[in-house]
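Welcome! Take a moment with the view below, and then read on.

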Amino acid sequence: MAKHNEIGKIGEDIARSFLMKHDFHIVEKNLRTKYGETDIIATKDNIYHFIEVKSLKVSDFNNMRSLSIRPEDNFTEDKQNKCRVSAQIYMQRFNKDVLYQIDLACVYIVEEIRQGKVYFFQ
């Protein structure tokens with residue numbers, strides 16, 4: 001597995017744990033459509049959350065927010081549009097008539113200790 005894929009998998013695992021600790025129910029992970037992949041689909045308070053996870057390896061957790069490149073910088077407008085379309089396809093495919101939204105989980109990972117900090121943007 002390529003190093004960036006391994007960091008991505010660790011980030012998704014950390015994000016799922018974070019979501020479950022905050023009372024989200026994980027419905028699916030890594031859902032593929034012809035428009036791309038949705039990392040996590042979760043529900044909370046009868047709302048479906050389509051969550052994109054962006055991860056970044058850091059040497060420690062000090063000064064994370066002052067980095068020149070942050071995970072959220074990679075959640076481009078094009079990626080956001082693909083997430084919206086994938087969410088609409090999922091909702092239609094499974095005949096879901098409830099509210100949904102696109103969220104972003106940014107995970108900063110210290111690989112040596114396999115721990116991360118999550119910033120969650122709804």
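A residue counts as buried under 20% relative accessible area, as exposed over 50%, and as partly exposed in between. By that rule tyrosine 100, with a relative accessible area of 33%, is partly exposed. Please keep in mind that this is a predicted model.

**Aromatic rings**

Let us begin with the rings. Searching the whole structure turns up 7 aromatic pairs. Phenylalanine 18 and phenylalanine 120 make a tilted pair, with 6.0 Å from centre to centre and 50° between the planes. This pair links distant parts of the chain: phenylalanine 18 belongs to helix α1 (residues 3-21) and phenylalanine 120 to strand β5 (residues 115-121), 102 residues apart. Phenylalanine 120 is partly exposed, at a relative accessible area of 21%.

Phenylalanine 50 and tyrosine 100 form an edge-to-face pair, 5.8 Å centre to centre with 80° between the planes. Here too distant parts of the chain are linked, since phenylalanine 50 sits in strand β3 (residues 47-57) and tyrosine 100 in strand β4 (residues 99-110), 50 residues apart. Is phenylalanine 50 buried or exposed? With 2% relative accessibility, phenylalanine 50 counts as buried. Phe50 and Tyr100 also belong to one aromatic cluster, together with Tyr48, Tyr90 and Phe94.

The table sets the two pairs side by side.

| Pair | Arrangement | Centre to centre | Between planes |
|---|---|---|---|
| Phenylalanine 18 and phenylalanine 120 | tilted | 6.0 Å | 50° |
| Phenylalanine 50 and tyrosine 100 | edge-to-face | 5.8 Å | 80° |

**Strands side by side**

Strands β1 (residues 25-33) and β2 run antiparallel and are joined by 7 bridges. A hairpin of 2 residues connects β1 to β2, and arginine 32 stands opposite glutamate 37 in β2.

Strands β4 and β5 also run antiparallel, with 7 bridges between them. Their hairpin has 4 residues between the strands, and arginine 114 takes a positive phi near 50° there. Across from tyrosine 108 stands lysine 117 in β5. Lysine 117 also lies over the face of phenylalanine 61, at 5.2 Å from the ring centre.

**Nonpolar cores**

Which residues have the most contacts inside the largest nonpolar core? They are Ile40, Ile51, Val53 and Val107, in a core of 14 residues. Helix α1, β2 (36-44), β3 and β4 each give two or more residues to this core, and α1 provides the largest share, with 5 residues.

Leaving aside neighbours within four places in sequence, isoleucine 40 is in contact with residues including Glu12, Ala15, Leu19, Ile26, Phe50, Ile51 and Val53. There is also a second, separate core of 8 residues, among them Met64, Phe75, Cys106 and Val110.

**Cysteines**

How many disulfides are there? The count comes to 0. A disulfide needs two cysteine sulfur atoms within 2.5 Å, and the sulfur of cysteine 83 is 12 Å from the closest cysteine sulfur, that of cysteine 106, so the two are too far apart for a bond. Cysteine 83 counts as buried at 7% relative accessibility, and cysteine 106 counts as buried at 0%.

How values were computed: Residues are numbered from 1 along each chain as its sequence is written. This is a predicted model: local features need pLDDT of at least 70, side-chain atom pairs count only at pLDDT 80 or more; totals for chains, interfaces and linings use all residues. Side-chain values use heavy atoms; hydrogens and water are left out. Rings of Phe, Tyr and Trp (its six-membered ring) pair if their centres lie within 6.5 Å; planes under 30 degrees apart count as stacked, over 60 as edge-to-face and the rest as tilted. Buried means under 20% relative accessible area, exposed over 50%, partly exposed in between (1.4 Å probe, protein chains only). A charge sits over a ring if NZ of Lys or CZ of Arg is within 6 Å of the ring centre and within 35 degrees of the ring normal. Two strands pair if DSSP finds at least two bridges between them. A nonpolar core is a set of buried Ala, Val, Leu, Ile, Met, Phe, Trp, Tyr and Cys residues joined through side-chain atoms within 4.5 Å. Contact means heavy atoms within 4.5 Å.
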